[in-house]
Amino acid sequence: MKQTILAYSLAVLVAFSLVFSVQAQAPESIWLTASTTSYKTEETVLVTLNASSTTPIQGFTFQIRYDPSCLRPVNASSPIPGMNGLPLPQLAGLVDGSYASTSPQTANGILAEIRFIALQGCQTNLTLESAALAIRNSEGFAAPLPNVTVAERNVALVIDNEVGVAQSSQPDSGSVLPLEPPDTNQGSAGWIIGAVFALLVGLLMFGAYKLFRIGTTNETKTSKPASPSFRGQRATLQIKHGPQAGKRFALNKFPVLIGRDPQNDVYVNGPNVISQHAQILAERNGYYLMDLGGETFVNGHQVRQGAVILRPGDVVRLGKSASFVFG
């Protein structure tokens with residue numbers, strides 16, 4: 001009889017511990033999965049970025065590291081209605097994806113499907129370096145959803161040397177986001193064609209950027225000032241990627257120097273971020289970003305000369321991955 005009571009007590013304790021462990025899990029999480037992990041050369045490798053969130057979102061970002069000798073990224077697509085891909089400059093070995101929506105969307109299931117082409121026989125991993133869910137905060141600016149847990153980060157893949165049947169790498173539906181890195185072996189003619197193509201894509205995306213209120217990158221100081229709705233508000237910037245991800249800075253005095261020198265007004269570290277990388281100016285009731293000699297991008301477009309206007313929600317990237325959201 002005592003043994004029966006003891007066994008029953010242990011069963012009750014185990015049941016309670018399981019219930020409490022389930023309740024303790026974070027309600028918001030992101031993870032990487034693959035339906036299969038074995039492929040042949042030239043086949044399309046498909047992985048999915050998933051999320052579970054009780055809060056409707058208005059965008060998401062992800063960075064996936066891969067071996068460029070084994071895999072070549074092609075594109076990503078999101079099945080979430082209203083989610084539109086925002087093209088970013090790609091680097092060999094690191095897929096950088098970003099999606100945004102003008103209205104809140106439910107995120108419970110697949111956020112995006114990411115496609116690669118298997119190049120040769122190998123054993124390799126896909127690693128989810130970072131991911132975030134975006135919302136619009138009380139001030140109307142884009143901001144990362146706090147307390148999101150990044151769960152499964154790695155997908156192990158085995159690519160056979162045997163050449164398989166090449167499948168179509170184009171998704172059947174959803175907003176398609178190109179992820180192909182630049183071809184480092186192309187000649188000068190290829191670079192010219194690429195530059196012209198990038199210019200055409202930039203012109204086509206201009207209207208979309210205005211729709212999503214993420215600003216433009218080709219307006220100089222002679223352009224019209226920021227919209228009247230931004231006047232009188234204190235400007236801020238929030239680190240999106242990098243060692244200080246999530247930290248917010250209030251911009252109280254101008255100009256604001258940004259770079260990897262700790263003496264700057266805003267200290268940002270990361271690959272290819274220089275000592276004094278960029279600065280933010282305030283003139284004529286507007287805010288402007290000026291590149292100081294590093295690689296600076298606003299909403300995926302490089303700032304090459306002069307200053308460009310900043311608007312709430314603009315995403316600024318310094319170097320390879322360090323970035324912040326202006327608000």
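Is Tyr-287 buried or exposed in this structure? Tyr-287 is buried, with a relative accessible area of 12%. The model shown in these views is predicted.

**View 1. The protein chain as a whole contains two helices and 24 strands.** Of its 327 residues, 43% count as buried. The chain exposes about 16,800 Å², and carbon and sulfur atoms supply 56% of this area.

**View 2. Phe-254 and Tyr-287 form a tilted aromatic pair.** A pair of aromatic rings is described by the distance of the centres and the angle of the planes. Here the rings lie 5.5 Å apart, centre to centre, with 45° between the planes. Phe-254 belongs to the loop between β15 (248–250) and β16, whereas Tyr-287 sits in strand β19 (residues 286–291), so the pair ties together parts that are 33 residues apart in sequence. Phe-60, Phe-62 and Tyr-99 form one aromatic cluster.

**View 3. The largest nonpolar core has 37 residues.** In soluble globular proteins, nonpolar side chains tend to be buried together. Within this core, the residues with the most contacts are Phe-60, Phe-62, Ile-114 and Leu-126. Several strands each supply at least two residues of the core, including β1 (29–33), β4 (57–65), β8 (108–118) and β9 (122–136). Another core, of 23 residues, lies apart from this one; Leu-237, Leu-251, Val-266 and Leu-289 are among its members. Leaving aside residues up to four places away in sequence, Phe-60 touches a set of residues that includes Leu-49, Met-83, Tyr-99, Leu-111 and Leu-133.

**View 4. Ile-30 is found in strand β1.** This residue is buried, with a relative accessible area of 0%. Ile-30 and Leu-49 are 19 residues apart in sequence, yet their C-alpha atoms are 7.2 Å apart in space. Beyond residues up to four places away in sequence, the contacts of Ile-30 include Leu-49, Leu-128, Ala-132, Val-148 and Val-150.

**View 5. Six strands form an open sheet in the order β11-β1-β3-β8-β5-β13.** The pairing in this sheet is mixed. Its edge strands are β11 (149–150) and β13 (175–178), each of which pairs on one side only. Inside the sheet, β5 and β8 run antiparallel and are joined by six bridges. The bridge partner of Pro-73 in β8 is Phe-116.

**View 6. Ser-130 has its place in strand β9.** In a regular strand the side chains alternate between the two faces of the sheet. Ser-130 is buried, with a relative accessible area of 18%. This value leads to the label "buried" because the cut-off is under 20%. Not counting residues up to four places away in sequence, Ser-130 touches Thr-61, Phe-62, Gln-63 and His-241.

**View 7. Five strands form an open sheet in the order β17-β16-β18-β19-β22.** The pairing is mixed, and the edge strands, β17 (266–267) and β22 (307–310), each pair on one side only. Strand β16 (residues 256–259) pairs with β17 in the parallel sense, over two bridges. Ile-258 stands opposite Val-266 in β17.

**View 8. Strand β23 (residues 315–318) is joined to strand β20 (residues 296–298) by three bridges.** These two strands run antiparallel, and Val-298 has Val-316 in β23 as its bridge partner. Four bridges join β23 to strand β24 (residues 322–326), again in the antiparallel sense. Arg-317 has Ser-323 in β24 as its bridge partner. The hairpin of β23 and β24 has three residues between the strands, and in this hairpin Gly-319 takes a positive phi near 70°.

**View 9. Cys-70 and Cys-122 are buried residues.** A disulfide is a covalent bond between the sulfur atoms of two cysteines. How many disulfides are counted in this model? The count comes to zero. The relative accessible area is 3% for Cys-70 and 14% for Cys-122.

Technical notes: Residues numbered from 1 in each chain as written. Predicted model: local features only at pLDDT ≥ 70, side-chain atom pairs only at ≥ 80, totals over all residues. Heavy atoms only, no water. Pairing = 2+ DSSP bridges. Core = buried A, V, L, I, M, F, W, Y, C linked by side-chain atoms within 4.5 Å. Buried < 20%, exposed > 50% of the residue type's maximum accessible area, 1.4 Å probe, protein only. Contact = heavy atoms within 4.5 Å. Areas by Shrake-Rupley, 256 points an atom, 1.4 Å probe, with all protein chains shown as cover. Disulfide = S-S within 2.5 Å. Phe/Tyr/Trp six-rings, centres within 6.5 Å; stacked < 30°, edge-to-face > 60°.
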